Amino acid sequence: MADRLPEALGPLLRQAQARLAAAAIDDPALDSRLIVEHFSGTTRTQAIADPNRKIDESAIAAIGDALRRRAGGEPVHRILGYREFYGLRLSLSPETLEPRPDTETLVEAMLPFVKATAEREGECRILDLGTGTGAIALALLSAVPAAIATGVDMSAGALATATRNARQLDLAGRFTALQSDWFEKVSGRYHVIAANPPYIPSEDIGNLQDEVRNFDPRLALDGGEDGLNPYRIIAADAARFLEAEGKIAVEIGHTQHNEVLEIFVAAGYLLGGAFEDLGGNDRVLVFKRTKP
């Protein structure tokens with residue numbers, strides 16, 4: 001990594017890709033392009049139309065540092081400081097899980113209900129448990145102008161990131177951050193309670209991909225001995241905060257459908273829908289109360 005990077009955009013992209021390929025990065029072409037474009041302020045079109053375009057020294061230095069970090073295993077979006085989710089650019093921080101496309105399944109699953117509730121009631125109140133970057137709440141707010149959301153997280157750092165994202169997306173007026181251990185400090189009732197909770201069994205954390213294990217916060221991964229503790233908490237306590245006709249939506253691990261279903265049925269809920277992610281894996285379960 002000590003070799004000097006070229007100053008021209010085309011050769012710079014090729015050299016960046018070669019460095020990541022040598023480090024056995026899964027998709028060196030994509031990651032090198034993301035890094036070069038981000039730190040040089042250029043686009044793919046410019047790389048094609050003007051490959052001899054000169055990149056200034058400070059940008060080359062930043063690109064070199066970013067390539068070293070990526071070659072060392074740090075996820076590319078952690079390096080960039082943001083990730084796209086449901087068409088929104090969300091800032092990341094060390095305290096937040098990196099939002100992934102699988103979680104968009106939950107947004108898609110709940111969007112028709114959020115829209116219908118907002119049309120019928122004039123608003124739809126959403127409680128996003130373990131909000132992290134605010135991804136779920138902000139995606140729903142961006143799609144439904146009459147929706148309002150409270151994002152709950154134990155981490156003050158995560159809440160600061162979610163609040164910053166809401167502000168950057170012009171959604172701050174409809175988003176409230178609340179530091180709470182699950183429902184501990186929650187009040188009021190909501191039409192939707194949504195969560196992408198930690199669901200990895202504690203003993204499996206060490207087996208996760210390096211990019212997840214080493215860079216996503218453990219608080220957002222560890223679901224206890226069997227990975228199901230957060231679902232037990234949500235199922236046990238949600239009724240006090242859920243409107244009579246409200247719904248609960250939770251993301252699950254792809255092998256947890258039956259176990260999570262049993263937990264909620266035992267707590268007095270009916271399954272209102274099961275949704276798969278783009279890979280065909282069980283990803284989201286939606287519940288409603290048996291006695292509205």
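User: Thanks! What do the side chains of Arg 89 and Glu 84 meet in?

Analyst: The side chains of Arg 89 and Glu 84 form a salt bridge, at 3.5 Å from N to O. Just keep in mind that this is a predicted model.

User: Are those two buried or exposed, or something in between?

Analyst: Arg 89 is partly exposed, with a relative accessible area of 45%. Glu 84 counts as partly exposed too, at 41% relative accessibility.

User: Which ring does Arg 89 lie over?

Analyst: Arg 89 lies over the face of Tyr 82, 3.7 Å from the ring centre.

User: And what lies 3.2 Å from the backbone oxygen of Tyr 82?

Analyst: That would be a polar atom of the side chain of His 77. His 77 lies in helix H5, which covers residues 76–80.

User: Why is His 77 called buried?

Analyst: Because its relative accessible area is 16%, and buried means under 20%.

User: What is His 77 in contact with, leaving aside its neighbours within four places in sequence?

Analyst: Setting those neighbours aside, His 77 is in contact with Leu 34, Tyr 82, Arg 83, Leu 92 and Glu 98.

User: Back to salt bridges. How many does the structure hold?

Analyst: There are 18 salt bridges in the structure. One of them joins Asp 210 and Arg 213, with the closest N and O atoms 2.5 Å apart.

User: Where do Asp 210 and Arg 213 lie?

Analyst: Both are in helix H9 (residues 210–213), three residues apart, which is about one turn of the helix. Asp 210 counts as partly exposed at 47% relative accessibility, and Arg 213 is partly exposed at 30%.

User: Which residues do salt bridges with shared partners join into one network?

Analyst: Arg 4, Glu 7 and Glu 57 are joined into one network that way.

User: What about Arg 120, which side chain does it meet in a salt bridge?

Analyst: Arg 120 meets Glu 121, at 3.2 Å from N to O. Arg 120 is in helix H6 and is exposed, with a relative accessible area of 51%. Glu 121 counts as partly exposed, at 48% relative accessibility.

User: How far is the C-alpha atom of Arg 120 from that of Arg 33?

Analyst: Those C-alpha atoms are separated by 46 Å, and the two residues are 87 apart along the chain.

User: New topic: how many residues does the largest nonpolar core have?

Analyst: The largest nonpolar core has 32 residues, and those with the most contacts inside it include Met 110, Val 114 and Ile 126. Elements that give two or more residues to this core include strand E2 (88–91), strand E3 (124–129) and helix H7 (135–143). H6 gives the most, with eight residues.

User: And which residues does Ile 126 touch, again leaving aside neighbours within four places in sequence?

Analyst: Ile 126 is in contact with a list of residues that includes Val 114, Leu 140, Ala 147, Tyr 190 and Val 192.

User: Last topic, aromatics. How many aromatic pairs are there in the whole structure?

Analyst: A search of the whole structure finds three aromatic pairs. One is Phe 183 with Phe 241, stacked at 5.0 Å centre to centre and 5° between the planes. This pair links distant parts of the chain, 58 residues apart: Phe 183 is in the loop between strands E5 and E6, and Phe 241 in the loop between helix H10 and strand E7. Phe 183 counts as buried at 4% relative accessibility, and Phe 241 is buried at 5%.

User: What kind of pair do Phe 264 and Tyr 269 form?

Analyst: Phe 264 and Tyr 269 form an edge-to-face pair, 5.8 Å centre to centre with 70° between the planes. Phe 264 is buried at 0%, and Tyr 269 counts as buried at 2%. Ring pairs also link Phe 264, Tyr 269 and Phe 287 into a cluster.

Note on methods: Residues numbered from 1 in each chain as written. Predicted model: local features only at pLDDT ≥ 70, side-chain atom pairs only at ≥ 80, totals over all residues. Heavy atoms only, no water. Helix = DSSP H or I, 4+ residues; strand = E, 2+ residues; numbered from the N terminus. Buried < 20%, exposed > 50% of the residue type's maximum accessible area, 1.4 Å probe, protein only. Polar contact = N/O pair within 3.5 Å; in protein donor to acceptor, adjacent residues only side chain to side chain. Contact = heavy atoms within 4.5 Å. Phe/Tyr/Trp six-rings, centres within 6.5 Å; stacked < 30°, edge-to-face > 60°. Lys NZ or Arg CZ within 6 Å of the ring centre and 35° of its normal. Core = buried A, V, L, I, M, F, W, Y, C linked by side-chain atoms within 4.5 Å. Salt bridge = Lys/Arg side-chain N within 4 Å of Asp/Glu carboxyl O.
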